[in-house]
Amino acid sequence: MSAPNQKKSGGSMGGPMGGMPVGEKAKNFKGTVKKLLQYMGKYKIALVIVVVLAVLSTVFNIVGPKILGLVTTEIGEGIMRMITGAESGINFVYIGKIAAVLLGLYLISSGFGYLQGFVMTNIAMKVTYNLRKEIADKVNRLPLKYFDKKNYGEVLSYVTNDVDVISQSLNQSVSQIITSVTSIIGIIIMMFTISWQMTLIALGVLPVSIILIGTIMKKSQKYFKGYQEYLGHVNGHIEEMYGSHILVKAFNGEKKSIEKFEVNNDELYKSTWKSQFLSGLMMPIVMIVGNLGYVLICILGGSFAAAGKIAIGDIQAFIQYMRQFTQPIMQVANISNVLQQTAAAAERVFEFLDEEEEEKDIESPVSPEEINGDVLFAHMHFGYNPEKIIINDFSAVIGQGKKIAIVGPTGAGKTTIIKLLMRFYELNEGAILIDGYDLKQFSRNGLRSLFGMVLQDTWLYNGTVKENIRYGKLDATDEEVISAAKAAQVDHFVRTLPDGYNMVLNEEASNVSQGQKQLLTIARAILSDPKILILDEATSSVDIRTEILIQKAMDNLMKGRTSFVIAHRLSTIKNADMILVMDKGDIVEQGNHEELIEKGGFYANLYNSQFERISAE
Amino acid sequence: MTKLLKYGKPYIVLLISAIVMLFIQALSDLNLPNYMSDIVNIGLQRSGIQDTAPRAIGEEMYTKLAQFGVNLSDSYTLVKAGEGDYSKEFPDAEKENIYVLNEDISSDDMDELGLEFGKITQMTMLMSQGKDPKTAAEIVEKTDETMLRQMAVQFTKKEYTDLGVDTDKIQQEYIIKTGLIMLLITLIGAAATITVAFLSSKIAAGMARDIRRGIFSKVEGFSSNEFDKFSTSSLITRTTNDITQIQMLIIMGIRMMFYSPIVAVGGVIMAVRKGPSISWIIALACIVLIGLIAFVFIKAMPKFKIMQKLIDRLNLVFRENLTGIMAVRAFGNQDFERKRFDKANNDLTDNMLYVSRIMIFMFPAIMLLMNGVSLLIVWVGADKISQSAMQVGDMMAFMQYAMQIIMSFLMMSIMFIMVPRAAVSAERISEVLETKQSIFDPEKPEQFDNSKTGYVEFKNVNFRYNGAEEDVLKNITFTANPGETTAFIGSTGAGKSTLINLIPRFYDATEGEICVNGVNVRNVLQSDLHEQIGYAPQKGILHSGTVSTNIRYGKEAASDEEIKAAAETAQAMDFISSNEEGFDKEISQGGANVSGGQKQRLSIARALIRKSPIYLFDDCFSALDFQTESKLRKALKGYTNNATVLVVAQRVSTIMNAEQIIVLNNGEIVGKGTHKELLSSCPTYYEIASSQLSKEEL
């Protein structure tokens with residue numbers, strides 16, 4: 001399950017100073033944005049409020065410097081009046097009035113700013129919550145087929161990475177876009193009210209910094225790619241060498257490994273400092289250009305003020321506007337990047353949500369209560385891929401309480417039958433009938449309630465032992481759970497655990513052994529009291545004593561039930577009422593042990609090589 | 001941590017230069033408002049005239065002043081009309097007698113003189129407004145010096161104008177001159193900033209490279225003990241992400257952490273100089289800011305801390321839902337899962353909502369703080385200015401310093417969040433660097449005994465994992481002979497793989513002696529020891545590359561024929577040749593594009609190609625199906641010939657024909673002998689065999 005992590009470590013090494021993410025683009029930007037907006041449709045009113053609040057907050061804030069400038073002007077002029085001997089000095093009443101107005105403006109601006117953020121966060125969190133919920137629900141409605149072509153890591157990254165990107169983007173970028181654009185327009189207007197000449201200079205400085213930044217961006221993009229590439233090489237080498245450490249040791253490969261590392265590490269160093277230097281230039285350049293503008297404004301503003309064209313306070317206001325100007329511009333410059341990323345993430349999520357779902361259950365399904373467990377396979381055709389049918393015209397009648405062994409070499413597709421039986425996959429042709437009812441006549445959950453399943457790939461979840469057993473029947477009492485555990489030969493073991501039935505299985509369920517896990521899944525199956533059993537016998541990694549326990553538990557479980565066993569043990573195979581022999585996905589032979597041995601085909605061959613007689617060698 | 005700091009040593013000079021550059025950058029940033037204030041104070045308020053006392057006075061004014069009883073003869077000298085070359089500066093000197101200020105006058109005297117002129121100007125002004133001389137004199141007495149100087153400038157300006165000087169031009173020139181100085185300062189500052197960017201990149205990338213190299217070569221020397229201690233994935237994180245964290249911190253640190261305090265301190269100094277009487281505003285602003293940050297910190301921190309847990313929880317539940325998709329559906333527990341996920345989702349959303357509500361409070365609050373500070377400065381400043389305790393330009397500069405200081409504090413608080421995170425990384429890195437290798441080569445290595453090539457002997461060997469309470473292997477004694485196969489069987493946890501791992505010294509025996517070729521493995525070079533061994537691990541580990549480079553890893557100089565022979569013996573030929581590229585088929589990292597069984601066969605081929613006297617097969621047949629395995633066993637017999645073969649197996653059929661079978665149970669040898677012997681003599685072996693073989697085969 002490390003796929004999303006790997007993706008992350010390779011892709012976004014940047015951090016706050018990493019500079020430009022190497023762009024990720026949505027296939028259909030417009031369509032995705034539209035969808036996202038539609039998705040947020042129910043928050044229309046709230047969004048309008050956000051926009052209004054953001055605009056107002058910005059506007060109030062932007063008016064500030066100009067008004068503050070009036071105060072400075074008044075002070076300056078008051079002083080001059082004093083010097084030149086005019087009666088009145090500084091008009092404090094006037095200043096007081098302005099200050100009161102300003103204080104009001106600032107309070108309103110910040111208040112609106114907070115309100116805006118508050119509403120937006122609520123929207124963002126609700127959208128995020130819903131997206132996650134929908135993805136999780138979707139997983140339950142998707143056909144299992146879907147996961148043949150997608151690995152879990154990818155789906156997991158929808159919830160972890162992609163929804164996060166959308167969430168952050170909503171939380172920050174939406175407000176940012178509004179405030180930045182409003183700021184830019186507002187500042188330009190305010191600047192023009194002070195002096196058009198100075199404004200032109202301020203705006204004239206802007207393209208210079210944009211061009212400079214653009215050039216550097218382009219150049220550094222190259223080094224960033226190099227950085228990513230060599231970081232990938234170095235990290236890949238580290239992972240590989242650490243992962244195969246004993247191998248490297250056993251084959252005396254340390255020196256060679258270090259040599260290879262050094263080469264990549266040096267290359268990484270070069271591209272690192274170059275890319276970091278170039279991205280580190282961005283801020284200084286913006287600052288330098290900003291300071292240049294500052295100086296020019298001081299000169300020009302000074303001359304204009306001397307000539308009486310503008311007031312002193314206007315210089316101060318203008319300087320403040322200049323300072324405030326760069327930030328929204330940088331943000332706007334970055335916004336297309338953020339939007340692209342968001343769209344790419346949203347696109348993946350929406351694509352996932354739009355995936356074709358399982359066929360709906362039929363309206364009035366057969367009740368599973370009265371079922372006995374007769375199974376009939378009728379001219380079954382199936383292929384994971386419609387072009388490649390692997391089961392051709394398979395038919396068999398399996399009476400209630402019979403035992404069917406499924407055998408074949410590893411990778412022969414022994415679980416395919418089980419997946420079809422439980423309707424995880426749909427048949428291409430033919431039908432499977434239980435007590436004469438087609439699988440499709442049941443509701444899925446009703447059908448599956450007939451089965452008890454114990455697979456080798458034991459799935460337990462991060463809960464207590466008791467909760468895990470109870471998973472077979474959610475409304476089971478404690479007594480039922482314990483008696484199921486006893487039947488599964490696991491009660492004694494559970495009682496030796498630190499917290500007994502209340503011990504929490506850790507995330508990888510690695511605090512119980514593989515064999516014990518299998519016993520727990522048997523207990524779970526026993527509790528569900530199924531009509532038909534599906535069992536996967538242990539092959540390896542279970543110690544002998546546990547294996548004997550498992551065998552005993554499985555035998556208990558099988559009594560009187562129709563059972564399908566993926567068999568490795570001779571005793572199971574020989575006693576089976578029917579053996580299905582599988583190879584390369586297909587059922588190649590069927591019959592009981594004697595019949596198949598007599599036939600001298602694939603089974604006979606398999607049997608002989610698997611259980612070679614001592615005398616044969 | 002000291003080990004880690006050592007990596008900074010080669011970069012000290014660069015670091016010091018960077019700090020010097022930062023000072024220059026800060027000086028430049030801090031001086032700009034200063035010059036702006038000059039433009040306002042002198043350029044605008046004084047029309048660009050820097051002199052308080054005029055450097056020349058017309059004869060008419062001089063006489064007038066003399067009538068008032070002002071004696072200027074000490075400071076001024078008469079210059080007759082047209083004499084000297086004063087006409088350039090004062091055009092009227094051509095046709096008028098002027099009194100010129102003595103060149104050698106000290107600035108103190110000039111200031112004194114200026115005050116004098118100021119008083120006279122004010123006096124005249126007041127009297128022209130109708131005040132009687134006495135009251136006027138009283139007012140003048142009370143007037144502040146700054147104000148007097150301002151008035152003196154007015155006087156000077158008027159006198160210059162009377163002498164035909166273009167005062168507008170003086171003003172223009174002053175403003176432009178100051179502007180050019182500012183431009184120069186900006187450029188110097190820019191150059192310094194760029195140098196800092198350059199130096200910090202070099203230092204950070206360089207240190208990252210050195211530390212990475214240090215860790216990597218250190219880890220390459222680790223034994224399995226150290227790998228157990230840290231776990232492989234943790235070592236990978238420490239060599240990759242943790243170092244990147246440190247690198248980022250160094251860059252940010254130099255560019256911000258060092259810079260912010262310099263600006264903050266410099267800003268405070270400058271601000272105090274500009275407006276000592278209102279400096280308390282800055283202190284107040286900083287206290288409020290720190291209070292604000294602390295408030296957010298204290299409020300949000302606990303929630304921040306559990307955030308990662310909640311995210312992990314959400315991911316865990318979702319992942320379980322995915323991996324258990326069959327089980328979930330088989331039991332029809334979709335609703336149960338939905339509720340479980342919903343709870344995790346809700347918990348996370350609530351927590352995130354809380355945190356972001358606090359975070360969104362930050363921005364408007366800081367805005368309000370900065371705006372409020374500006375307002376306060378203007379309000380208080382206006383009062384000070386009217387009392388002549390301050391000038392307008394100073395107030396404007398002060399405002400900018402206040403902003404710079406607040407920004408620095410903000411930056412520093414960001415660093416406070418970053419540093420602890422990077423400190424954790426640094427700690428994790430130095431843990432690795434400071435770990436002592438537990439297995440190393442002897443100082444005086446011995447040579448192998450050639451007459452005993454191929455013998456592997458265990459003499460009363462005990463082994464216990466570091467920190468474990470019990471021995472995994474107890475009193476193991478046996479000898480494996482050349483030309484023979486020695487097999488190990490037993491349930492999981494019996495210690496089979498551990499035993500094999502002791503031979504190539506992945507671990508060292510806790511007690512007892514292990515001899516290879518007649519010599520204790522501790523007394524030879526590890527590389528020499530490994531030369532004797534062809535090893536195939538439990539998991540088929542492959543490297544990225546091709547099929548052939550992977551097999552060749554066992555013997556670099558191997559010919560194509562040798563590779564083919566090894567692959568054939570390992571039963572790998574059928575799938576190699578079924579692929580178009582054959583031996584040149586690419587293997588992706590971790591061998592992700594080949595199946596488990598194929599990996600094992602390639603890994604066996606890699607061991608076989610060594611043609612070494614000893615082969616160790618650590619349970620590497622289990623992923624093969626029975627048919628392939630039986631073919632492999634047959635081929636192996638012919639290939640290994642006189643070599644010593646040690647095999648760990650799960651299946652009895654794998655080892656039935658071994659010359660020596662050693663049955664392990666709970667770390668002890670409970671049976672030793674051939675298949676037949678053991679069936680009758682060893683109950684554990686019988687138990688294993690009976691579960692795997694049919695009655696007639698026993």
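## Domains

Domain bounds here come from an automatic or database domain assignment. For chain A that assignment gives domain 1 (29-195), domain 2 (196-309) and domain 3 (368-616). The centres of domain 2 and domain 3 of chain A, taken over C-alpha atoms, are separated by 58 Å.

Chain B gets domain 1 (49-168), domain 2 (453-532 + 614-698) and domain 3 (540-611). Between domain 1 of chain B and domain 2 of chain B, the C-alpha centres are 111 Å apart.

## What you're looking at

This is a predicted model: local features need pLDDT of at least 70, side-chain atom pairs count only at pLDDT 80 or more, and totals for chains, interfaces and linings use all residues. Residues are numbered from 1 along each chain as its sequence is written, while chains are lettered from A and ligands numbered from 1 in the order in which they are written.

## Where the chains meet

On the chain B side, 131 residues are in contact with 124 residues of chain A (contact: C-beta atoms, placed from the backbone, within 7 Å). Helix H14 (residues 334-386) of chain B supplies the largest share of the chain B side, 28 residues. Helices (H or I, at least four residues) and strands (E, at least two) are DSSP runs, numbered from the N terminus.

Sorted by class, the side of chain B that touches chain A has 63 nonpolar, 52 polar and 16 charged residues. Nonpolar covers Ala, Val, Leu, Ile, Met, Phe, Trp, Tyr, Cys and Pro; charged covers Asp, Glu, Lys and Arg; the others, Gly among them, are polar.

## A helix crossing in chain A

Helix H4 (residues 92-141) and helix H10 (residues 312-353) of chain A have axes that come within 10 Å and cross at roughly 40°. Axes are lines fitted to C-alpha atoms, for helices over the stretch in contact, with angles running from 0 to 180 degrees between N-to-C directions.

From H4(A), the contact uses Leu131(A), Glu134(A), Ile135(A) and Lys138(A); from H10(A), Val349(A), Phe352(A) and Leu353(A). By class, that's five nonpolar, no polar and two charged residues.

## A sheet in chain B

Four strands of chain B make an open antiparallel sheet, ordered E5-E4-E7-E8; strands pair if DSSP finds at least two bridges between them. Strand E5 (473-480) and strand E8 (519-520) of chain B sit at the edges with a single partner strand each, so one side of each has no neighbour in the sheet.

Strand E4 (residues 456-463) and strand E7 (residues 511-516) of chain B pair in the antiparallel sense over five bridges. Glu457(B) stands opposite Cys515(B) in E7(B).

Technical notes:
Contact = placed C-beta atoms within 7 Å.
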